[in-house]
Amino acid sequence: MNEKNFEYLRDQIKYTGFGEALESQLKEKMQKEEPNFTLTHNAQYGNDTAAATLNFNKSKESDLYFFNSYKVELQKENSKENLEQTFYINKGSNITMKEAYNLMEGRSVNKDLTNKEGEIYNSWVQIDFKQTETNGNFKLNHYHQNYGYDLEATLSKHPIKELETPKYKEDLINSLKKGNLQSATFQKEGNEIKQYIEASPQFKTINVYDSNLQRIDNRKSTEEKQSETQQTSEKQGSKKQNQSTDDDGPEVPKEAKKKKKSQSM
């Protein structure tokens with residue numbers, strides 16, 4: 001067994017979100033020197049169960065093994081059928097197990113990916129459950145940097161308390177980029193209300209949910225911001241109106257009448 005190869009795969013498994021529990025099984029499988037093998041990992045997310053099968057192949061030219069992909073079978077609490085999706089391992093930043101679960105929940109994940117030319121680019125990724133690829137996978141939609149989704153600017157439109165503290169703001173943004181449904185404190189009419197948010201790059205917004213995870217209309221979730229803007233504009237409008245009553249504006253029509261009368265005489 002190639003010891004360096006084992007250490008590399010051990011770390012790759014760990015940082016793809018499968019922890020250290022598979023280390024002994026990995027070593028045992030590699031020592032057998034079979035052309036390919038699999039490892040299994042189970043995870044619980046709330047009442048949902050996710051089972052992952054990790055796929056490894058041995059090089060035909062050396063004793064090196066490669067971690068190629070992992071298949072996730074998601075059993076949701078209220079569903080009789082499993083949802084399946086295979087995630088491929090590349091040289092760049094791999095989609096972790098938790099991110100895979102978030103994607104299969106319909107949420108979006110932000111990743112630094114590598115193209116065929118080896119160039120790194122940033123993109124939001126989301127599963128399109130309406131389209132399937134030839135390999136049976138659901139299609140992955142990509143929303144690149146040029147798509148114009150600015151998560152920080154989008155969050156600033158909402159009265160979220162965590163945005164007022166740099167550290168909490170950073171943690172909130174990082175969590176949303178991982179595809180998490182993240183709790184946030186909304187400030188409404190002097191009260192603090194716990195709600196949940198998720199990134200929505202496709203529509204360049206965020207989705208907001210109440211404490212019971214019921215979707216809230218985005219128009220309602222931004223009403224505080226709009227109310228503040230409206231109050232400011234009303235104050236400015238009132239100020240302008242007061243200014244206009246003090247100037248000579250209303251006297252102009254009278255002067256025009258006098259000139260018209262003198263001309264007729």
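Please keep in mind throughout that the model is predicted.

Rolling a probe the size of a water molecule over the atoms shows where empty space is left. The largest pocket has a volume of about 390 Å³. Its lining is made up of 19 residues, and those closest to the centre of the pocket are Y88, N90, I95, L140 and H142. Which elements give two or more residues to this lining? They are β4 (83-88), β5 (109-114), β6 (120-132) and β7 (138-144). Of these, β4 provides the largest share, with 4 residues. Sorted by class, the pocket lining holds 8 nonpolar, 9 polar and 2 charged residues.

How many cavities of 30 Å³ or more does a search of the whole structure find? The search finds 1, and the volume of the largest cavity is about 30 Å³. Lining this cavity are M1, N2, M30, E33, K58, D63 and Y65. In terms of class, 3 of the lining residues are nonpolar, 1 is polar and 3 are charged.

The next topic is the helix pair. Two packed helices are described by the angle between their axes and the distance between the axes. Helix α1 spans residues 3-18 and helix α2 spans residues 23-32; their axes come within 10 Å and cross at roughly 140 degrees. The crossing of α1 past α2 is right-handed. On the α1 side, the contact is made by N5, F6, L9, R10 and I13, while α2 brings E23, L26, K27 and M30. The contact residues comprise 5 nonpolar, 1 polar and 3 charged.

Finally, I come to the aromatic rings. Across the whole structure, a search finds 9 aromatic pairs. Why does the pair F56 and F67 count as stacked? The ring centres of F56 and F67 are 4.9 Å apart and the planes stand at 20 degrees, so the pair is stacked. F56 lies in strand β2 (residues 48-58) and F67 in strand β3 (residues 65-75), so that the pair links distant parts of the chain, 11 residues apart.

Technical notes
Residues numbered from 1 in each chain as written. Predicted model: local features only at pLDDT ≥ 70, side-chain atom pairs only at ≥ 80, totals over all residues. Heavy atoms only, no water. 1 Å grid on protein atoms, 1.4 Å probe; cavity = no way out; pocket = protein on both sides within 12 Å on 5 of 7 lines; lining within 4 Å. Points joined across faces, edges and corners; volume = space filled by probe spheres on them. Nonpolar A, V, L, I, M, F, W, Y, C, P; charged D, E, K, R; others polar. Axes fitted to C-alpha atoms, helices over the stretch in contact; angles between N-to-C directions. Left-handed = near helix turned anticlockwise from the far one by under 90°. Contact = heavy atoms within 4.5 Å. Phe/Tyr/Trp six-rings, centres within 6.5 Å; stacked < 30°, edge-to-face > 60°.
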